[in-house]
Amino acid sequence: MDVSYFGAYGHVPLRVALLPAAVAGILLTASAGSARIMQLRATARKHRRAGHRAVKAEAKDSSKARR
């Protein structure tokens with residue numbers, strides 16, 4: 001397989017040419033997956049905090065009602 005990369009020309013076997021392509025695909029997929037997981041964790045954290053605030057506010061309101 002003839003390869004041209006940034007002005008360098010050469011001949012490499014197909015297996016050798018596919019290896020960097022596979023590694024690049026794995027890295028791209030892993031980085032996109034990691035970014036999505038970080039988004040989901042941030043959203044979950046936000047919802048957890050909102051729920052915690054709601055529980056605290058409800059407890060505060062119920063304690064006022066008892067008085």
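Helices (H or I, at least four residues) and strands (E, at least two) are taken here as DSSP runs numbered from the N terminus. The model is predicted, so local features need pLDDT of at least 70 and side-chain atom pairs count only at pLDDT 80 or more, while totals for chains, interfaces and linings use all residues. Residues are numbered from 1 along each chain as its sequence is written, and side-chain values use heavy atoms, with hydrogens and water left out.

The chain holds one helix and two strands, arranged along the sequence as β-β-α. Its average pLDDT (the predictor's confidence in each residue, from 0 to 100) is 84, and 88% of the residues score at least 70.

| Element | Residues | Mean pLDDT |
|---|---|---|
| strand β1, lowest | residues 2-5 | 70 |
| helix α1, highest | residues 14-66 | 87 |

Of the 67 residues, 0% are buried, where buried means under 20% relative accessible area, exposed over 50% and partly exposed in between (1.4 Å probe, protein chains only). The accessible surface of the chain is about 6400 Å², with 64% of that belonging to carbon and sulfur atoms; such areas come from the Shrake-Rupley method with a 1.4 Å probe, and for residues only the protein chains shown count as cover.

Patches are made of residues with over 30% relative accessible area and no salt bridge, like charges being joined within 9 Å and nonpolar side chains (Val, Leu, Ile, Met, Phe, Trp, Tyr) within 5 Å; a salt bridge is a side-chain nitrogen of Lys or Arg within 4 Å of a carboxyl oxygen of Asp or Glu. A nonpolar surface patch consists of M1, L14 and L18, which together have about 300 Å² of accessible area, and L18 is placed in helix α1. R41, R45, R48, R49 and R53 form a positive surface patch. R45 lies in helix α1 and counts as partly exposed because its relative accessibility is 37%.

Notes: Lys and Arg count as positive and Asp and Glu as negative; His and the chain ends are not counted. The place of a charge is taken as NZ of Lys, CZ of Arg, CG of Asp or CD of Glu.
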